[in-house]
There are 6 protein chains.
Amino acid sequence: MSSESKFTHLTPDGRPVMVDVSAKPTTNRVAIAQSLVRMQSSTRDAIVHQAIRKGDVLSIAQLAGIMAAKKTSDLIPLCHHVPLHHVSLELNFVDEVEQRDEAVLSIQAKVETAYQTGVEMEALTACSVAALTVYDMCKALDRGMVIEQVRLMYKAGGKSGVFQAIPTS
Amino acid sequence: MSSESKFTHLTPDGRPVMVDVSAKPTTNRVAIAQSLVRMQSSTRDAIVHQAIRKGDVLSIAQLAGIMAAKKTSDLIPLCHHVPLHHVSLELNFVDEVEQRDEAVLSIQAKVETAYQTGVEMEALTACSVAALTVYDMCKALDRGMVIEQVRLMYKAGGKSGVFQAIPTS
Amino acid sequence: MSSESKFTHLTPDGRPVMVDVSAKPTTNRVAIAQSLVRMQSSTRDAIVHQAIRKGDVLSIAQLAGIMAAKKTSDLIPLCHHVPLHHVSLELNFVDEVEQRDEAVLSIQAKVETAYQTGVEMEALTACSVAALTVYDMCKALDRGMVIEQVRLMYKAGGKSGVFQAIPTS
Amino acid sequence: MSSESKFTHLTPDGRPVMVDVSAKPTTNRVAIAQSLVRMQSSTRDAIVHQAIRKGDVLSIAQLAGIMAAKKTSDLIPLCHHVPLHHVSLELNFVDEVEQRDEAVLSIQAKVETAYQTGVEMEALTACSVAALTVYDMCKALDRGMVIEQVRLMYKAGGKSGVFQAIPTS
Amino acid sequence: MSSESKFTHLTPDGRPVMVDVSAKPTTNRVAIAQSLVRMQSSTRDAIVHQAIRKGDVLSIAQLAGIMAAKKTSDLIPLCHHVPLHHVSLELNFVDEVEQRDEAVLSIQAKVETAYQTGVEMEALTACSVAALTVYDMCKALDRGMVIEQVRLMYKAGGKSGVFQAIPTS
Amino acid sequence: MSSESKFTHLTPDGRPVMVDVSAKPTTNRVAIAQSLVRMQSSTRDAIVHQAIRKGDVLSIAQLAGIMAAKKTSDLIPLCHHVPLHHVSLELNFVDEVEQRDEAVLSIQAKVETAYQTGVEMEALTACSVAALTVYDMCKALDRGMVIEQVRLMYKAGGKSGVFQAIPTS
């Protein structure tokens, strides 16, 4: 079997296509993705202090993530437009961080649909854009923030079945 | 000085705003950002083998990154719409990777403008969406790929001057 | 029962979510909304005189309303993308207006679908954008125009059943 | 002078055009618009109770308004795309309302630019979409909410000079 | 029968509507469209020479066509948003051209869905935007390129059944 | 000189880029493009008969063309977002057609700006989308309509100066 055929978005002769999902059954599908934002602990303190008031950084990032999930097919060239049944994001600071003066924000997105293709890209896009929004809102404080570990954590539904990310030690 | 005032996108009482850039001078601005995609070495081999043919994974990701840079203000809630003068992306596999069976794709985006606000978010968005596009095109091969180290590498222009990321050891 | 639980778009702890519609049945749904544009009677005369020619204000506003209905989920953060089966708008000047030198344009939008959630927001968005388009096209004549009474008139389908607006006396 | 020529967006023979602004000077421009949302007082109570927690109705509406201002030229057919320098919204409940069991939310948007055409439509669009977002988030509680008095309050800059809305008694 | 009733997108009194497809059954639908780009043979040579390297003109045009198919309902005012199951484009230089110093690029798009309305417009939009992208990328070489013969070649599914274009002699 | 360097949107090694326009001066620029729609004469009669009423095919196509010009940079991957100063379209039936039972609709778009790059793509996109809209609205009458001769007629401004299409005999 040649390597080209492994790419579902490329024809055997290497042309990009939007994969034909006509023959795939409509099934319930869920995907959970994650991203992390590593920042200075002083930046975390500023976010947390702000977050007790309305209009805080985290809820703006959350909303940006939800709205971005709806735009996934507009951003990722060969993605189908999937009607989303549910999108939610959770943003929490991680307690244990190896570096004293650093803090890590964890972003987790869950997306659900009943369709002929999955919603992994929607969950990953939501996590990426939420993290970028945190960066945008805090960049005047901390331009060295890093978005890390953007990855699929779990998916279910569809022919390829369940995927569960291997925990990083 | 209270912490709220550090957030340029929030008013002192915590309301989100699109920052007033009226008084800022138009200056030449450049931003360079990066993202990495960690994958199985067999996935890299498939991409590289494919890449000698037209329509390959890397050039589709490159184009997706350029197009995403133009949509940044539509994705990041409080971002200004900045007219971009130049956008380019480079995607290369990194030679030295600590794990034998892993490979790392490096994505670097450069964005330039002459405007009253910078283009860091455009460069970061280009890198994120290019990485997500690689994930989308290879996910049938390798659902465990991880997008890492999305970060600003360099920026120049504007009041805050030059920023240069500290190299990670 | 706490007040938070009344907001379908917020979780019990106040985070925004795109409501899960997975368990809702697909039913035929219709929504009718309205908006009014109050203007000087001389502005109405100019519109009416123009309207006997092609390319008039009212048909441009009508088209803008239809196109806006399709963009509702892009504008309203927690709205689902609903595939619309039918959109139509009617724009008519209201005969009886209390003020001699004033005129009132009535805009009514009807939207239909068969889906797991309703199309109230699509009908309201169509009416709002059509009214804004009238404002845009006539603002050089009459900057004091006011958009009034943007409201849902009727909806049917879905668990909450039929809603009929109470007529304003 | 024929009435057609009064419509800046229509040619003398009635065809729609995007007005030529080439000859207009770039000047600082500001526009302030308003909308009101009339609701049951119990709906106001639910919003206010919620608003002490993060992710509340008003801050989501605020953000939706800011993002909508950036999409104005995509919604209003003959509007120019104007680079916005500043967008802010304020949402407050009005104290004095004539009806005991009713409450009124006031939304005010301010938009600024330095360009060859004004930002009235951006301010009005921000107010309309913020009000629609409040409707969307509260509609399960109160489907009879009405958006009222969407209007331009003030504008300055450009050939037509300052406009100030006449206060409604 | 009056001529107005022939236009499915206009009501009997001439108002534009998004046609009601509620009563139409969901059937498998396919549409194939074509466009041609006539250019100087030296432009073809430059494209072909470039095309052996990654990132070439033809694969960028191909991707632009696929992405445009997804945006059809945003471009064509009265088009429904149709969930696309499959989109592919083929771009080939035509061997036989009547003029010695000219070359003709043929673009063919195939779009499939299972929905209540067809995908002719999606296929035609993909062909048009792919051709425009070729123009954009080659215009510095050959500003006199002409896009020709944008037409529906074939469609199947739906009440009106199969359409097959009559070959041009 | 190698052929790659002729493509302004590709780097010497064939990667796509959004061309750097930083060093280009801002000049007044105008572009005029054209498209033709060939149809049955009975289709022309239906359009013309309809066109004496409001909401006709031609004014909807005109508006679609104007709105599409504003979306050009979203459709054409390597196009800059250019702030448009003026967009207008003219749609007219051509008197002389070689075939008795055929009619030809001529669409002409004019776009103006003062910027660092031209507006040829905006004018061509406007003509293409206006023609596609005519197709969409008339396709139930005449599925064999053909869009022809989409081409740049004239451009001025910028380093490459004036371009004037050679008339087709």
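I began with chains E and C, where 18 residues of chain E are in contact with 16 residues of chain C. I kept in mind throughout that the model is predicted. For this pair I noted a buried area of about 1500 Å², with carbon and sulfur atoms giving 56% of that area. I then looked for charged pairs across the interface of chain E and chain C, and the rule finds two salt bridges there. One pair I looked up joins Lys71(C) to Asp74(E), and the closest N and O atoms are 4.0 Å apart.

Next entry: chains C and A. I found Asp74(C) in a salt bridge with Lys71(A), at 4.0 Å from N to O. I checked where the two residues sit: Asp74(C) belongs to helix H3 (residues 72–75) of chain C, while Lys71(A) lies in the loop between helix H2 (57–69) and helix H3 (72–75) of chain A, and the pair crosses between chains.

I turned to chains B and A. How many residues does the contact take from chain B and from chain A? I noted 57 residues from chain B and 57 residues from chain A. The area buried between chain B and chain A is about 5000 Å², and carbon and sulfur atoms give 65% of this area. I also looked up which residues of chain B lose the most area to chain A: they are Phe7(B), Leu132(B) and Arg143(B), and together they make up 13% of what that side buries. Between chain B and chain A I recorded a count of four salt bridges. I also looked up Asp74(A) and Lys71(B), whose side chains meet in a salt bridge at 3.8 Å, N to O.

A note on the charged pairs as a whole. Side chains of opposite charge can pair when their charged atoms come close. Over all chains, I have the count at 48 salt bridges by this rule.

Then the helices of chains E and F. I took helix H4 (residues 120–138) of chain E and helix H4 (residues 120–138) of chain F, and their axes come within 11 Å and cross at roughly 165°. Are H4(E) and H4(F) roughly parallel or roughly antiparallel? The crossing angle makes H4(E) roughly antiparallel to H4(F), since angles over 145 degrees count as such. I noted the crossing of H4(E) past H4(F) as right-handed. On the side of H4(E), the contact is made by Met121(E), Leu124(E), Thr125(E), Ser128(E), Leu132(E), Tyr135(E) and Asp136(E). On the side of H4(F), I listed Met121(F), Leu124(F), Thr125(F), Ser128(F), Leu132(F), Tyr135(F) and Asp136(F). I sorted the residues of this contact of H4(E) with H4(F) by class and have eight nonpolar, four polar and two charged.

I went on to chains C and D. Helix H4 (residues 120–138) of chain C and helix H4 (residues 120–138) of chain D have axes that come within 11 Å and cross at roughly 165°. H4(C) and H4(D) are therefore roughly antiparallel to each other. I noted their crossing as right-handed. Among the residues making the contact are Met121(C), Leu124(C) and Tyr135(C) of H4(C), and Met121(D), Leu124(D) and Tyr135(D) of H4(D). By class, I have eight nonpolar, four polar and two charged residues in the contact of H4(C) with H4(D).

Last, I looked up two pairs of chains without contact. No contact joins chain D and chain E, and their closest C-alpha atoms lie 10 Å apart. For chain A and chain F I also found no contact, with the closest C-alpha atoms 10 Å apart.

Methods. Residues numbered from 1 in each chain as written. Chains lettered and ligands numbered in written order. Predicted model: local features only at pLDDT ≥ 70, side-chain atom pairs only at ≥ 80, totals over all residues. Heavy atoms only, no water. Axes fitted to C-alpha atoms, helices over the stretch in contact; angles between N-to-C directions. Helix = DSSP H or I, 4+ residues; strand = E, 2+ residues; numbered from the N terminus. Parallel < 35°, antiparallel > 145°, perpendicular 65-115°, else oblique. Left-handed = near helix turned anticlockwise from the far one by under 90°. Contact = heavy atoms within 4.5 Å. Nonpolar A, V, L, I, M, F, W, Y, C, P; charged D, E, K, R; others polar. Buried area = accessible area lost by both parts, 1.4 Å probe.
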